[in-house]
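Visitor: I would like to learn how to read the features of a structure like this one. Please start with the ligand site and then move to the domains.

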Amino acid sequence: MTFDIPEDATFLGDDVIAQINIAPGFGEYFTDHMALADFDGNGWHNDRLMPYGAIPMDPANAVFHYAQEIFEGLKAYRHADGSVWLFRPRSNAVRFMNSARRMALPVLPEEDFLSSVVNLAKLDARWVPGGDEQSLYLRPFMMANESFLGVRAAKTVLYCCIASPVGAYFSSGVQPVDIWVVQGLSRVAQDGTGAAKCGGNYAASLAAGEVGYQNGCSQVLFTDAASHTYVEELGGMNFFMVTAKNELVTPDLNGNVLAGVTRDSLLALAPSLGLTPVERPIKLAEVYDGLDSGDIKEVFACGTAAVVGPIASLKDENGTHSASQHTKTLELRQALCDIQWGRSSDPFGWMMQVA
Ligand SMILES: *Cc1c(COP(=O)(O)O)cnc(C)c1O
């Protein structure tokens, strides 16, 4: 599939787009076009870029009932010379293939995923904002598209990619946040869907998020469902800590933790900042003790949307455990942002130019 760019494409006026891009927020506005493709018994076909709009759906569509759905998230960045670049899109393509396998959805070949995101970003390049920390967020997703209430994998499936201009995640500078450590509510189980990026994992995390809000925290940290002993991740971000020995430690990919592209990138950048990357099981008790004793200096969360978000403290019913500093956290954030926005060289070849 090639997702050819239509010659008769129309766009909102540049003045309207510029007005939206002053303060686009996150996922509130969408560009002029979307990419679509259909899967049936004969494979993927009917790839198209068309005007953004509602998708008619039968109420019996299995996705409404059984949540057979996966998604991705990646960004296009405008560099100072006006060019537009994607960050590691092949990593998202591969993860999308892995998620599809886990959710019994058809695999979208890497090159098809790539042409859809590249051509949508090219076509709607005028929507990529150029302000500080601004970008165009691309949201590829795939879902059952069959009117049938029997429980089995759908035979017809829809792939779609939409795009949304997004502003700085932290509107008033990068602010450390308090995180609620969830007890009694799990988002994924051992041998469950934790390694797949599926909507169902997010639905399962929302009730815990409410508990977090009630305790004054905007995000929650989940421990392993089997024993509630090990730290896993936040609802949609990976967890990291910086030790006094200058190790950058994150939970290993044990099947419950999502393989974040930001996570992988920070592990790769660690040595250049004097940090030793370590992936291993992390006990919650170790994190609490380490923060209290100073053996752990910093904790943070990371993901495409916020890049890196420093954590001020971890809280639960029994108390608060605060980080003493955020120095390395902010250095890591800066190093990654500099590559993404083209302010530094790209030693790993992570950026792909699209316009
Ligand atoms: C998407 C996601 C992340 C972050 O992945 P990135 O590729 O860095 O954006 C982390 N955890 C979960 C559960 C996610 O869905």
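Guide: A residue is near a molecule if one of its heavy atoms lies within 4 Å of it. This is a predicted model, in which local features need pLDDT of at least 70, side-chain atom pairs count only at pLDDT 80 or more, and totals for chains, interfaces and linings use all residues. Residues are numbered from 1 along each chain as its sequence is written, and side-chain values use heavy atoms, with hydrogens and water left out.

Visitor: Which of the 15 residues around the ligand come nearest?

Guide: They are Lys197, Tyr202, Glu233, Thr262 and Thr304. For polar contacts, the general idea is a pair of N or O atoms within 3.5 Å; within protein, one must be able to donate a hydrogen and the other to accept it, and residues adjacent in sequence count only if both atoms are side-chain atoms. Here a polar side-chain atom of Lys197 is 2.7 Å from a ligand oxygen, and the side chain of Tyr202 has an N or O atom 2.5 Å from an oxygen atom of the ligand. Glu233 places a side-chain N or O atom 2.5 Å from a nitrogen atom of the ligand.

Visitor: Into which domains is the protein divided?

Guide: Domain bounds come from an automatic or database domain assignment. In this case they give domain 1 (14-168) and domain 2 (177-340), with 26 Å between their centres, taken over C-alpha atoms.

Visitor: How is the size of an interface often given?

Guide: It is often given as the accessible area lost when the parts come together. Buried area is counted with a 1.4 Å probe and summed over both parts. Between domain 1 and domain 2 it is about 1,700 Å², with 57% from carbon and sulfur atoms. On the domain 1 side, Phe71, Phe87 and Arg95 lose the most area to domain 2, together 34% of what that side buries. Counting contacts (heavy atoms within 4.5 Å), 20 residues of domain 1 meet 21 residues of domain 2.

Visitor: How many salt bridges does the rule find across the interface of domain 1 and domain 2?

Guide: A salt bridge is a side-chain nitrogen of Lys or Arg within 4 Å of a carboxyl oxygen of Asp or Glu. The rule finds two across this interface, and 14 in the whole structure. Arg333 and Glu133 form a salt bridge, their closest N and O atoms 2.7 Å apart.

Methods
Buried area is the accessible area (1.4 Å probe) that two parts lose on being put together, summed over both.
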